[in-house]
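Biologist: I'm new to this one. Could you walk me through it?
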Amino acid sequence: MTAVHVIGDVHGQYEKLRGLLRSAGLIDAGDAWSGADSTLWFMGDLVDHGPDSIDVIELVTRLREQAARAGGRVHVLIGNHDVLLLAAHRFGTRPIPGSDETFHDHWEENGGQAGDLQRLKPDHIGWLSSLPAMALQREHLLTHGDTLLYTDYGHSIDEVNRALRDLLRSDDPARWHRLLDRFGEHQAFVDSATGAARAESFLAMFGGRQLVHGHTPITTMTGQPPEAVREPLLYAGGQCLDVDPGMYLGGPGFVYRLNSGDEMP
Ligand SMILES: [Mn+2]
């Protein structure tokens, strides 16, 4: 079986990303794909908080093409910050429905970096808008968020991906805002009384035996200092694997190879 790697929320940490991919043998000294037929998944939130979001987008889109030519695959899920950036671009100084705040201000308050909007090109916008929200990779269900919001948009991976792609093509600020608002939910599978059962029904709906997600930094889950986070967090009876290394909080980040020791339920 060829290797499948995942990397959590990059948040504009271009230099850390290059270092991690190089250490994992996925890029060479010239930043070109060297992962042969490996698969690499980005778990969403490529942008915001960090200094080099557009450089991250450009590196990842380049790697996708290079990997495909080499028989490998680079896949990217959409995260809420990727949606926030698209919303800031699309709606700018229009107010968020039911609020005095503009989409642009909301984005900046959530880590949006002013220079990124100036560098955002139509190619980047088209590419980000087309990303899937969820996927099945062998027995792993992959989503950006540890949230039930996906069930609002459909009851299968295809339904959800279609609904969210359609939303991101729409000019309806209320629909965009509702999605962003729902992404405010974190830790849907953590509760000791209900978390494991919720994870089980989420997996029953969409498929897979383990949910792999980003969105909630592991440091938030465990209370470890961000600098100490070097591996994913397995929880909910082994049904969930958090891979958000909190890179923008100071975490060194990690590339994780699926099935390299995560206990399956
Ligand atoms: Mn997120």
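Biologist: How do the residues lining the largest cavity divide into nonpolar, polar and charged?

Modeller: Keep in mind that this is a predicted model. The lining splits into six nonpolar residues, one polar and one charged. Its members are Ile78, Leu131, Pro132, Ala133, Asn161, Leu164, Arg165 and Leu168. Arg counts as charged, so Arg165 is the charged one.

Biologist: What makes that space a cavity?

Modeller: A 1.4 Å probe fits there but cannot get out. The count is one cavity of 30 Å³ or more, and the largest cavity holds about 30 Å³.

Biologist: Which residues are the protein donors of the manganese ion?

Modeller: Asp45 (OD), Asn80 (OD1), His144 (NE2) and His215 (ND1). A donor has to be an N, O or S atom within 2.8 Å of the metal. These atoms lie 2.2 to 2.3 Å from the manganese ion, so they qualify.

Biologist: What does the pair Asn80 and His215 tie together?

Modeller: Parts that are 135 residues apart in sequence, because Asn80 lies in helix H3 and His215 in the loop between strand E6 and helix H11.

Biologist: What is the volume of the largest pocket, and which residues are closest to its centre?

Modeller: The volume is about 320 Å³. Of the 20 lining residues, Asn80, His81, Asn110, His186 and His215 are the closest to the centre. The lining of this pocket divides into six nonpolar, 11 polar and three charged residues.

Notes. Residues are numbered from 1 along each chain as its sequence is written. This is a predicted model: local features need pLDDT of at least 70, side-chain atom pairs count only at pLDDT 80 or more; totals for chains, interfaces and linings use all residues. Side-chain values use heavy atoms; hydrogens and water are left out. On a 1 Å grid over the protein atoms alone, a cavity is a set of points where a 1.4 Å probe fits but cannot get out, and a pocket is an open set with protein on both sides within 12 Å along at least five of seven lines; lining residues have an atom within 4 Å of a point. Grid points are joined across faces, edges and corners, and a volume is the space filled by probe spheres set on the points. Donors are N, O and S atoms within 2.8 Å of the metal (3.2 Å for Na, K and Ca); water is not among the atoms, so sites may look incomplete. Helices (H or I, at least four residues) and strands (E, at least two) are DSSP runs, numbered from the N terminus.
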